[in-house]
Amino acid sequence: MSYVNKEQIERAKRLDLLTYLQMYEPAELVRCSRNVYTTRTHDSLKISNGKWYWWSRGIGGRSALDYLIKVRGMSFPDAVLQIEGVHPGSAPAFSQSLQQRSSPARFELPEPNHTSHRVMAYLSKRGIHRTLIDYCLETGRLYESRRYHNAVFVGFDREGTPRYAAIRGTTSTRYMGEAAGSDKRYSFSIPASENSTVLHLFESAIDLLSYCTLEHLAGRDWRQAHKLSLAGIYRPRTNGEDSTPPSALTHYLKCFPQVNRLVLHLDNDEPGRLAAATIQRLLSPALLISDEPPKFGKDINNDLMEFRRRRGEPSR
């Protein structure tokens with residue numbers, strides 16, 4: 001078990017959740033109103049007046065330490081060390097002005113583990129074909145983090161430099177997040193092997209890999225068209241008229257100007273349907289857009305698992 005001393009514990013207890021997210025995970029923070037925030041991963045978790053409360057689970061707290069333990073499922077020592085890792089040194093003095101501004105963090109990938117066995121097992125249980133897993137591992141798009149054995153899905157720029165990382169827990173805690181400093185314009189993607197004019201759009205990396213697995217199982221070339229994930233649900237502005245397309249999508253279209261057809265595979269829930277309708281409204285004059293939501297359940301991974309179940313196949 002990890003060891004932490006009294007001084008480390010006291011420092012960790014002083015860091016509030018809003019400041020922690022503003023400084024080290026700004027992409028996870030969403031403003032609901034002037035003084036209320038939520039997170040992209042858990043939209044029923046609200047942060048205000050120095051406190052946070054996760055309404056769907058009925059739990060809350062004050063500090064980032066409480067959040068890491070109760071929401072992300074970390075052990076007490078690991079949560080303390082996590083805070084120490086992002087803010088080492090003497091006890092910080094956080095001012096109100098610091099809490100109200102977002103400081104962009106330097107992008108840094110989680111340290112890789114020496115194997116990816118847990119990630120491979122996790123994705124296999126989610127129905128992802130070994131061919132897809134191996135491709136992502138070999139191209140550096142996927143690896144297992146050393147500290148928490150999370151699945152790390154990496155996004156690159158056109159020069160092959162990592163610029164984004166989605167992080168997905170492989171245990172029952174179901175942690176979802178992003179590496180600090182991630183640039184959403186470079187979200188996880190698999191470009192077409194040739195000069196395709198078609199782009200398939202997904203909410204998550206696992207949905208993207210699920211669709212590729214379905215293509216592979218059907219005997220089709222899963223590299224024939226471009227595939228892009230949005231690193232979570234795209235949330236249009238409430239008034240609709242002032243909405244802009246997701247930054248990952250607009251940047252990908254800029255990098256591949258030959259794309260003239262967009263196929264939407266967003267979730268079969270209210271946010272997913274709203275996002276699909278908004279993207280169609282904003283981009284349909286320039287692109288031929290098809291809306292192809294999941295046939296079974298909420299997302300494309302549900303489609304894949306149902307397909308395997310009907311064929312009587314194991315997920316592996």
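Modeller: What follows is a set of questions about the labels, each answered from the computed values.

Modeller: The model is predicted. Its protein chain comes to 11 helices and 14 strands, and buried residues make up 50% of the 316 residues. Of the contacts in the protein chain with a separation of 6 or more, 63% are between residues 24 or more positions apart.

Biologist: What makes helix α2 largely enclosed by the rest of the structure?

Modeller: Eight of the eight residues of α2, which spans residues 17-24, are buried, and therefore the helix is described as largely enclosed by the rest of the structure. The buried residues are Leu17, Leu18, Thr19, Tyr20, Leu21, Gln22, Met23 and Tyr24.

Biologist: Which residue caps the N-terminal end of α2, and how do you know that?

Modeller: The cap is aspartate 16, which has a side-chain oxygen 3.2 Å from the backbone nitrogen of leucine 18.

Biologist: Why is threonine 170 called buried?

Modeller: Threonine 170 has 18% relative accessibility, and because buried means under 20%, it counts as buried. This residue is found in the loop between β8 (162-168) and β9 (176-178). Its side chain reaches the backbone oxygen of histidine 149 at 2.8 Å. Not counting residues up to four places away in sequence, threonine 170 touches Arg118, Val119, Tyr122, His149, Asn150 and Ala151.

Biologist: What makes arginine 126 buried, and where is it found?

Modeller: Its relative accessible area is 18%, so arginine 126 falls under the 20% limit and is buried. It is found in the loop between α6 (117-125) and α7 (130-138). The C-alpha atoms of arginine 126 and asparagine 302 are separated by 9.0 Å, although the two residues are 176 residues apart along the chain. With residues up to four places away in sequence not counted, arginine 126 touches Arg168, Ile206, Asn301, Leu304 and Met305.

Biologist: Why is asparagine 301 called buried, and which residues is it in contact with?

Modeller: Asparagine 301, found in helix α11, has 3% relative accessibility, and because that value is under 20% it counts as buried. Leaving aside neighbours within four places in sequence, asparagine 301 is in contact with Arg126, Ile128, Ile206, Asp207 and Ser210.

Biologist: How do the axes of α8 and α11 cross, and which residues meet there?

Modeller: The axes of α8 (residues 205-217) and α11 (residues 300-310) come within 8 Å and cross at roughly 35°, and the crossing is left-handed. Ile206, Asp207, Ser210, Tyr211, Thr213, Leu214 and Leu217 in α8 meet Ile300, Asn301, Asp303, Leu304, Phe307 and Arg308 in α11. The residues of this contact divide into seven nonpolar, three polar and three charged.

Biologist: What is the handedness of the crossing of α6 and α7, and which residues make the contact?

Modeller: The axes of α6 and α7 come within 10 Å and cross at roughly 145°, and this crossing is right-handed. Met120, Leu123 and Ser124 of α6 make the contact with Arg130, Ile133, Asp134 and Leu137 of α7. By class, the contact has four nonpolar, one polar and two charged residues.

Biologist: Which residues of α6 are buried, and what do they pack against?

Modeller: The buried residues of α6 are Val119, Met120, Tyr122, Leu123 and Ser124, and they pack against α7, β6 (142-144), β7 (151-156), β8 and α8. Just after α6, glycine 127 takes a positive phi of about 90°.

Key:
Residues numbered from 1 in each chain as written. Predicted model: local features only at pLDDT ≥ 70, side-chain atom pairs only at ≥ 80, totals over all residues. Heavy atoms only, no water. Buried < 20%, exposed > 50% of the residue type's maximum accessible area, 1.4 Å probe, protein only. Helix = DSSP H or I, 4+ residues; strand = E, 2+ residues; numbered from the N terminus. Polar contact = N/O pair within 3.5 Å; in protein donor to acceptor, adjacent residues only side chain to side chain. Contact = heavy atoms within 4.5 Å. Axes fitted to C-alpha atoms, helices over the stretch in contact; angles between N-to-C directions. Left-handed = near helix turned anticlockwise from the far one by under 90°. Nonpolar A, V, L, I, M, F, W, Y, C, P; charged D, E, K, R; others polar.
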